[in-house]
Amino acid sequence: MDPRPVPPVPRLFRAAVAPVQAFFKLEASSGILLALCAVVAMLWANSPWAHGYEALFEAPLALGAGEALFHFTVREFINDGLMAIFFFLVGMEIKRELATGELRSPSRALLPLIAALGGMVVPAAIYAAFNTGTPALKGWAIPMATDIAFAIGCLTLLKGRVSHGLVVFLTALAIFDDIGGILVIALFYGTGLHVSWLLGALGVTLVLAACNHYYVRNGVVYALLGTALWYALHHGGVHATISGVITGMMIPARPTRRGREVLQELHGFVERILNEPEDEEVRSSQLLYIEERLEDIEPPLTRFVHLWHGWVGYGIVPLFALANSGISVRGMHLADLLAPLPLGVMAGLFVGKQVGIFLFTWASVKAGFAEMPGRARLGQLHGVAVVAGIGFTVALFVAGLAFANEPHLLAQAKLGILLGSLLSAVVGYLLLRFAPPGPASEPAPDPRTDAP
């Protein structure tokens, strides 16, 4: 053992860094950071420095050159540009679950699909009932979304109280929610279609499909094609962030070679080099060869998900929350909160989600289409259905599209999203915390720790 004392600076540094490292090891850390950014945005927008909040996110940006010069505000760059990377990760998550995960067979996918339909149709219908005949009706899709980061984060606080089967069920349900939200954005929140640009987008998509078929693994290729697709969709009238989903779905999900084949090849190679004389330069090239062969058994999809998960979960999504959650309540009255729009959003998220998911799931189990997920009790299923009413990231995104030119309605929608999501999180947590555990309840790891 080295008898020399440890210098005081490194020891202090380790003491300062340890809590940060512990936080990022938490499964719920990305959800906690997201919530903190939302709180900071609300406090900032209602503080004496509120002007600085708007000045920061409304500051102009110009990207590109010549004919391809784009003018954004900082908020628009986050919402239309950086969020395409968020949807890229969503697209990869969807493909991974369809290819190798919980949605790879129709029997596994049926129940969460039915539950997701209930969790989309009922909230939209409740919102529409509140807002029929008003300009706010076009925001009908706002309460349809489940925020997977918040919802799974809430369940991780209840380890031992929620079965692994229910966690998987909620994860799969949220994936179908994502698919539904993507289709809604693409079909209903465009700006008027332009066929020539959409044909160009189709051409880029076909090139992406060819890259997937021929197993292109270079991330730069997908970045360039994804950017071209974003540009074509932007001009084609479809919201450009859909380019992220399409690109993500085109990343190869399976390895080029079987793992056993590669390992047998490396076994012979390692035995041979161990008997050779030690040479640092030669050994470096040999290790590089081993690394390249191991990459053959790691699908590009897995590599890209791991690469982007941290950037999205701890960077892009919290930044989105900071830019879009700052709602000034100064000058608002109780009448604003009780207006049809925020009431429709709150009722859609808190009431519509739990009613739609619980009833559609219960009816499917009763009809014999599927078994109860995780052999859970009805009380646990109800609690998970309530937690699914946490609709934050995608809900805010849809609200921004629906009311882009109506700031008063957008502020009301955001207020409804924040209150409805908070109510769903608190009530869902309490229901699951005090509900009797089902026969299959056991602590289990989050099967989707790479979720955005």
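**A close look at some rings**

Author: Let's start with Trp44, which is partly exposed at a relative accessible area of 26%. "Buried" means under 20% relative accessible area, "exposed" means over 50%, and "partly exposed" is in between, using a 1.4 Å probe and protein chains only. Phe57, at 2% relative accessibility, counts as buried.

Before we go on, keep in mind that this is a predicted model, in which local features need pLDDT of at least 70 and side-chain atom pairs count only at pLDDT 80 or more, while totals for chains, interfaces and linings use all residues. Residues are numbered from 1 along each chain as its sequence is written, and side-chain values use heavy atoms, with hydrogens and water left out.

Now for the rings themselves. A pair of aromatic rings is described by the distance of the centres and the angle of the planes. Here, rings of Phe, Tyr and Trp (its six-membered ring) pair if their centres lie within 6.5 Å; planes under 30 degrees apart are stacked, over 60 edge-to-face, and the rest tilted. That rule gives 12 aromatic pairs. Trp44 and Phe57 make up one of them, an edge-to-face pair with 6.5 Å from centre to centre and 65° between the planes. This pair connects distant parts of the chain, 13 residues apart: Trp44 is in helix H2 (residues 29-45) and Phe57 in helix H3 (residues 50-57). Phe57 also pairs edge-to-face with Tyr53, at 5.2 Å centre to centre and again with 65° between the planes. Tyr53 and Phe57 are 4 residues apart in helix H3, so about one helical turn separates them. Both Tyr53 and Phe57 are buried.

Elsewhere, ring pairs join Phe86, Phe87, Phe320 and Phe397 into a cluster. Rings can have a charge over them too: this counts if NZ of Lys or CZ of Arg is within 6 Å of the ring centre and within 35 degrees of the ring normal. Arg433 lies over the face of Phe434 in this way, 5.5 Å from the ring centre.

Next, the wider setting. The protein has 18 helices and 2 strands; these are DSSP runs numbered from the N terminus, with helices (H or I) of at least four residues and strands (E) of at least two. Of its 452 residues, 48% count as buried. A contact means heavy atoms within 4.5 Å. Among contacts between residues at least 6 apart in sequence, 81% join residues at least 24 apart.

Ala395 is in helix H17 (residues 393-402) and is buried at 0% relative accessibility. Beyond its neighbours within four places in sequence, Ala395 touches Ile142, Ala145 and Ile417. Ala395 and Thr146 are 249 residues apart in sequence, yet their C-alpha atoms are 8.0 Å apart.

Helix H15 deserves a visit as well. It has a kink of about 40° centred on Gly352, where the bend at a residue is the angle between axes fitted to the seven residues ending there and the seven starting there. Ser364, also in H15, is buried with a relative accessible area of 4%. After H15 comes Gly368, with a positive phi near 85°. Tyr215, a residue other than glycine, has a positive phi too, near 60°, and lies in the loop between helix H8 (195-213) and helix H9 (219-236).

Finally, how far can you trust the picture? pLDDT is the predictor's confidence in each residue, from 0 to 100. Its mean for the protein is 83, and 81% of the residues reach 70 or more. Confidence is lowest in helix H1 (residues 8-25), with a mean of 49, and highest in helix H15 (residues 340-366), at 96. Over residues 20-24 the pLDDT is below 50, and this stretch has 5 contacts beyond near neighbours in sequence. For residues 440-452 the pLDDT stays under 50, while the model has 44 contacts there beyond four places in sequence. Where pLDDT is low, the predicted coordinates should not be read in detail.
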